[in-house]
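Here's a quick briefing to read with the model open beside you. Take it topic by topic and follow along on screen.

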Amino acid sequence: MEEKPRLSRLTAILTQLQSKQILTAREIAKKHNVSIRTIYRDIRTLENSGIPIITEEGKGYSLMQGFNLPPVMFTEKEANALITAEQLIVRNKDKSFTEEYQNAVSKIKSILRYSQKEKIEFLSERIFFRNNPESQKTSDYLMTIQSAITNSNLIKIEYKSLQGEFTKRTIEPFAIYSTQENWLLIAICQLRNDFRVFRLDRIQKLIVQNEHFEPQKMTLQEYFEICREKYMTPPDTPLS
């Protein structure tokens, strides 16, 4: 009875390694609720079976670049979770986000078994989210901003505040978060030389610059704590 759960764990570890650039033994052990020593044995087993796992001392494990496993097979519950998420994201107000997610989930659906496809098509007709029932789209910049964050690109925006003030800003994008109704962008505003929060639906124009900036070292949670102490306002209050 011990071999079957271990086989399932080995398969899951491979999926984990595919989904992230590098993983520590501690992260893997926590995911599967086993000891780090057990993960060391599992990694050796995978290596001995021919899986090209790279060990970086002091960092963790990764799969050799270019190595691909056969398509992942989804369980019925996993497929249902994807379809539920799809129906929720369709109600999102950012056009770029909904389009890119639907493109991604279409690729995932293409590897599902025929019987699974029938079931998820049926399920998708039996799920409804009341938020934004008309699927209104009020912004179209989320995906562009995400790329600017990960590549540390400056952004120029034309912005209309809630008070109707129109300004042009050059900003260093730091993070994004959702309040269900709106997407908010946290950024260093070069005009104010400080953090500001911008609602995506108030951005009139956005251009990503070729110029780069040095990313902030603080975490998003640290920002929230500073925001509460400094401004005594909830983090979803625009400060632009």
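What is the order of the five strands in the open sheet? Going across, it reads 6-5-4-3-7, and the pairing is antiparallel. Keep in mind as you look around that this is a predicted model.

**The sheet**
- Strand 6 and strand 7 sit at the edges with a single partner strand each, so one side of each has no neighbour in the sheet.
- From one strand to the next, the twist averages 45°.
- Strands in a sheet pair through backbone hydrogen bonds, in either a parallel or an antiparallel way.
- Strand 4 and strand 5 run antiparallel and are joined by seven bridges.
- Two places to check that pairing are Ile176, whose bridge partner in strand 5 is Leu185, and Ile171, whose bridge partner there is Cys189.
- Strand 5 also pairs with strand 6, again in the antiparallel sense, over six bridges.
- Cys189 turns up here too, with Asp194 in strand 6 as its bridge partner.

**The hairpins**
- Strand 4 and strand 5 make a hairpin with four residues between them, and Gln180 in the turn has a positive phi of about 75°.
- The hairpin of strand 5 and strand 6 has four residues between the strands as well, and there Asn193 takes a positive phi near 55°.

**Strand 5, inside and out**
- How many of the seven residues of strand 5 are buried? Seven of the seven are, so the strand counts as mostly covered.
- In a regular strand, side chains alternate between the two faces of the sheet.
- On one side of strand 5 you'll find Trp183, Leu185, Ala187 and Cys189, and on the other Leu184, Ile186 and Ile188, all of them buried.

**Helices against the sheet**
- Helix 7 (142-151) lies across strand 3, strand 4, strand 5 and strand 7, and it runs at about 80° to strand 4.
- Helix 5 (95-109) has 15 residues and spans 21 Å from its first C-alpha to its last, close to the 21 Å expected.
- Buried residues in helix 5 include Phe97, Tyr101 and Val105.
- The buried residues of helix 5 pack against helix 4 (76-90), helix 7 and strand 5.

**The cores**
- The largest nonpolar core has 28 residues, and those with the most contacts inside it are Ile145, Ile157 and Ile171.
- Among the elements giving two or more residues to this core are helix 4, helix 5, helix 7, strand 3 (153-160) and strand 4 (166-178).

- Arg91 touches Phe128, Phe129, Asn131, Asn132, Pro133 and Ser135, leaving out residues up to four places away in sequence.
- Asp201 is in the loop between strand 6 (194-199) and strand 7 (203-212), and at 23% relative accessibility it counts as partly exposed.
- A polar contact of 2.6 Å links the side chains of Asp201 and Arg199.
- Beyond its neighbours within four places in sequence, Asp201 is in contact with Thr138, Ser139 and Asn182.
- Asp201 and Thr11 are 190 residues apart in sequence, and their C-alpha atoms are 43 Å apart in space.

How values were computed. Residues are numbered from 1 along each chain as its sequence is written. This is a predicted model: local features need pLDDT of at least 70, side-chain atom pairs count only at pLDDT 80 or more; totals for chains, interfaces and linings use all residues. Side-chain values use heavy atoms; hydrogens and water are left out. Contact means heavy atoms within 4.5 Å. A nonpolar core is a set of buried Ala, Val, Leu, Ile, Met, Phe, Trp, Tyr and Cys residues joined through side-chain atoms within 4.5 Å. Buried means under 20% relative accessible area, exposed over 50%, partly exposed in between (1.4 Å probe, protein chains only). A polar contact is a pair of N or O atoms within 3.5 Å; within protein, one must be able to donate a hydrogen and the other to accept it, and residues adjacent in sequence count only if both atoms are side-chain atoms. Two strands pair if DSSP finds at least two bridges between them. Axes are lines fitted to C-alpha atoms, for helices over the stretch in contact, and angles run from 0 to 180 degrees between N-to-C directions. The expected span of a helix is 1.5 Å times one less than its number of residues.
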